[in-house]
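Here are my notes on the model you sent over, written so that you can follow along with the structure open beside you. Take the points in order and find each piece as you go.

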Amino acid sequence: MATHALSPAAQAYSRGTLYDWLTTTDHKKIGIMYVINSFIFFLVGGVLALVVRTELAQPGLQYLTNEHVYNEMFTMHATLMIFVFVIPMLAGLGNYAVPLMIGAPDMAFPRINALSLWMLPLGGLLLISSFFTGGSAAAGWTSYPPLSAEGPLNSPGAGQDLWIVALVLIGTSSILGGINFLVTIFKMRAPGMTLFRMPIMVWTILVTSVLVVMATPVITSALVMLFIDRNYGGHFFDPFQGGSAVLYQNIFWFYSHPAVYVMVLPAMGVVSEVLPVFSRKPLFGYKAFIFATAGIGALGFSVWAHHMFTTGAVFLPFFSLLTFLIAVPTGVKMFNWVFTLFRGQLTFSTPLVFALGFLTMFLIGGINGAFSASVPVDFALHDTYWVVAHLHYVLFGGSVFGIFAGIYYWFPKWTGRMLNEGLGHLQFWLMFIGFNLTFFPMHMLGIQGMPRRIADYASDAGWNDWNLAATIGGFLIASSMLPFIWNVFISLRNGKVAGDDPWEGNTLEWATTSPPPPYNFDHLPEIRSERPLFDARHGHAGHAGH
Amino acid sequence: MTADSHALATTGEHTPLAGLAHDTRGGISNVVLGMLLFITSEVMFFAGLFAAYFNTRASNHPWPPDEFAHILNPFSIILVATIILISSSFTCQLAVWAIRRSDRTGFLRNIAITFVLGVVFLLLQAYDYSLLFEEGMTLGSGPFGTTYFTLTGFHGAHVFGGVIMLGVVLYRGMSGQFSSRHHDAVEAASLYWHFVDVVWILLFSILYFL
Amino acid sequence: MHPIQHPRNTIIIGGAFVLVAAIYALGAVPLGYHIEWAGVTMLAALGVAMAIMFYVLIAGSSKD
């Protein structure tokens, strides 16, 4: 049955003291803290974005003292969003969900899990502290030398060095987390849960973890070499001393391209959990989906230099062809999601609404990315607002909407309370409209030639109206955080009690109390397909073919 | 088996069964698997450094530059260091085999020797560095110096980490914490040590012979 | 276990990346570009690392 308590008195499980939370190795508490820490830095990064948008709303340098401060703003906005929000937020959702979904009592290495967690607020604080030590890094999140290298004209302060150290710390946290996920997934699945019966969320975390373990060390090496150039007189990236600035770009993007898949695959995993539950249909093409995910992960390693087409130092046809190829497995996934919804019995709860937002917005992001895959097109659009539009459609329209779908979906499991649907829908619409108002005009701005990373623009370039619209959209996005935060606050205190399985889910996390006991499960249902709870609920085991 | 003991059997770390290097359902221990995956991540870290080396080398001629060409003499102190490191891998593996068959004395002796050899390698590396500094070769002396010291320096740092790991294993071994059924840390440390040795062989060959 | 799951076959995964590295190196000059050694190194190393990773994951898994 869907909602009978499998273990008595769930509410009796102590929420824990502060000391418990600070010293815990329980993946559930750690997962929640990952989510909270990531959300805080989402807000900080969002404020930095508002500073950028406020300055750009009208031509003229009205609010910031000089362009250098502006450069700090967009550098830290992107750095925080990528490294201290999206990547760890998804790791946090995975941290909570994965052991439960595979029927395990915890992650393989609970203490290393805690270590990975606590390195994140530390890294985030290191980044923020740079604002108070003479200015943060200001060379873009990509931090290309020579701008990021030492020297009076470049980035002489401690901010750039703090940035490097923080990222090495955060990267290490990521790598340890990736190893933890891989050992957990491969060694701790409950009996009957073969690899091809795992939920898609677990598969996406698996592939993501492979990417993290393989790619993150490469950016560590780039950062280390940059640090040596900056502080020990090194000559890796200085062309006047036998080095190469393009070398940095190659090593940097060898990580940073797979990193975008790290940022999107788990969000796709969330969507793949939500769509079947709220359309009351199994995911269309489960196996194809897995192979598509693996294909994206593999291809994602071979396309890095499409971020550097215009350097003149790139094997253009190789990267262009492989970049177009990635559209194929991605398209497979889009079709699978759409066919999951098709003829389903849809319930437009907040998780589904955010998942639909993901589908529509990520589709746009994929299409505008395909334009950029063409070398001649990219030569015109590189470093313009077109790229800013693309990256936000996939990372915000994709990852962030996916993240909120996951938060609304799993909040009842984490807390035992439902989030309010009305406030959830309000957040969605404010965010959706604000998002499109902010970023759709950037397609036009890019085509009209507005470069990115500029603090100001000529008032007669014809860019004024779209910039103003984008700023209004930005504040609309910010406003959507108010119903969300209010929702969390009132639901924790007074939300409807969720019970074990409020959504009639398919996967194992719904086969225990909300929140689960520390050891996760008193009893596991029989696992004979990728939908063990559905099978248990409908009195038979078995989904044809598994 | 009841559902509960099924659930328990999956944990590896938290159960009375955790002592086995191999879990009850076959396969290798979580700790050893974790170390192997960590090693693959380290392979990629060195890949980034080697990428910089090959790229830099391809655009700088002559390589090595004339003023430092003579330092790349493999038949010097660096060869001694190489032989020492390779020998230490052998003694490390002897230690693993010893503890697997409950030969605690053999295990302790070989781990201690491995530890000492590791320290000697580091000292020889430091001495070699001092000779190079005297020749005017430093991190800042040019692309050759930068790449040489970065590659060997990070390798040395990894050896240092390995020496610490071996020290911990030696300490735990001396206090009787390992048995033939329960010695994951020894297996993991030895895998890391072999990795460090393989990287050195690669590094030595590429820097000195290629 | 299905034959494709035999641990030795993980070498195919590593081999795929080494193949990509080879194409990246060998395809550049005929098409008028230069060999970009950093990328070649990283892709080849990725092949080695991937082969090791998948071998230990598959061979080291539980046998049920």
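Predicted model: local features only at pLDDT ≥ 70, side-chain atom pairs only at ≥ 80, totals over all residues.

1. Start with chain A and its secondary structure. Along the principal axes, the C-alpha atoms of chain A fill a box of roughly 70 × 45 × 45 Å.

2. Now take the contacts in chain A with a sequence separation of 6 or more: 81% of them are between residues 24 or more positions apart.

3. Chain B has six helices and zero strands. Read from the N terminus, its elements simply go α-α-α-α-α-α. Of its 210 residues, 42% are buried. For contacts in chain B between residues at least 6 apart in sequence, 76% join residues at least 24 apart.

4. Now for a helix pair in chain A. Find α7 (residues 245-279) and α12 (residues 385-415): they pack at an angle of about 45°, and their axes are 8 Å apart. That angle is why α7(A) is called oblique to α12(A). The crossing of these two helices is left-handed. On the α7(A) side, the contact uses M263(A), V264(A), A267(A), M268(A), V270(A), V271(A), E273(A) and V274(A). From α12(A) come V394(A), L395(A), G398(A), S399(A), G402(A), I403(A), A405(A), G406(A) and Y409(A). Sorted by class, the contact between α7(A) and α12(A) has 12 nonpolar, four polar and one charged residues.

5. Compare that with another pair in chain A, α10 (residues 350-373) and α13 (residues 421-447). Here the packing angle is about 10° and the axes are 10 Å apart. What does that make α10(A) and α13(A) to each other? They are roughly parallel, because angles under 35 degrees count that way. T350(A), V353(A), F354(A), G357(A) and N368(A) of α10(A) meet E421(A), G424(A), H425(A), F428(A), F432(A) and H443(A) of α13(A). By class, this contact divides into four nonpolar, six polar and one charged residues.

6. Stay with α10(A) for a moment and pick out M361(A), which is found in that helix. Is M361(A) buried or exposed? It counts as buried, because it has 24 C-beta neighbours inside 10 Å. Leaving aside residues within four places in sequence, M361(A) is in contact with Y393(A), G397(A), G398(A) and F401(A). For a sense of distance, the C-alpha atoms of M361(A) and T507(A) are separated by 27 Å, and the two residues are 146 residues apart along the chain.

7. Next, look at G474(A), in helix α14 (residues 464-494) of chain A. With 23 C-beta neighbours inside 10 Å, G474(A) counts as buried, since 20 or more is what that takes. Which residues does G474(A) touch, not counting those up to four places away in sequence? They are A49(A), L50(A), R53(A) and T438(A).

8. Finally, the contacts between chains. Between chain A and chain B, 37 residues of chain A are in contact with 34 residues of chain B. On the chain A side, α5 (158-187), α6 (200-231) and α7 are the elements that give two or more residues. Of these, α6(A) gives the most, with nine residues. That side of chain A has 24 nonpolar, 11 polar and two charged residues. Where chain B touches chain C, the contact takes 19 residues from chain B and 16 residues from chain C. The chain B side of that contact has 12 nonpolar, five polar and two charged residues.

Conventions: Residues numbered from 1 in each chain as written. Chains lettered and ligands numbered in written order. Axes fitted to C-alpha atoms, helices over the stretch in contact; angles between N-to-C directions. Helix = DSSP H or I, 4+ residues; strand = E, 2+ residues; numbered from the N terminus. Parallel < 35°, antiparallel > 145°, perpendicular 65-115°, else oblique. Left-handed = near helix turned anticlockwise from the far one by under 90°. Contact = placed C-beta atoms within 7 Å. Nonpolar A, V, L, I, M, F, W, Y, C, P; charged D, E, K, R; others polar. Buried ≥ 20, exposed ≤ 12 C-beta atoms within 10 Å, placed from the backbone.
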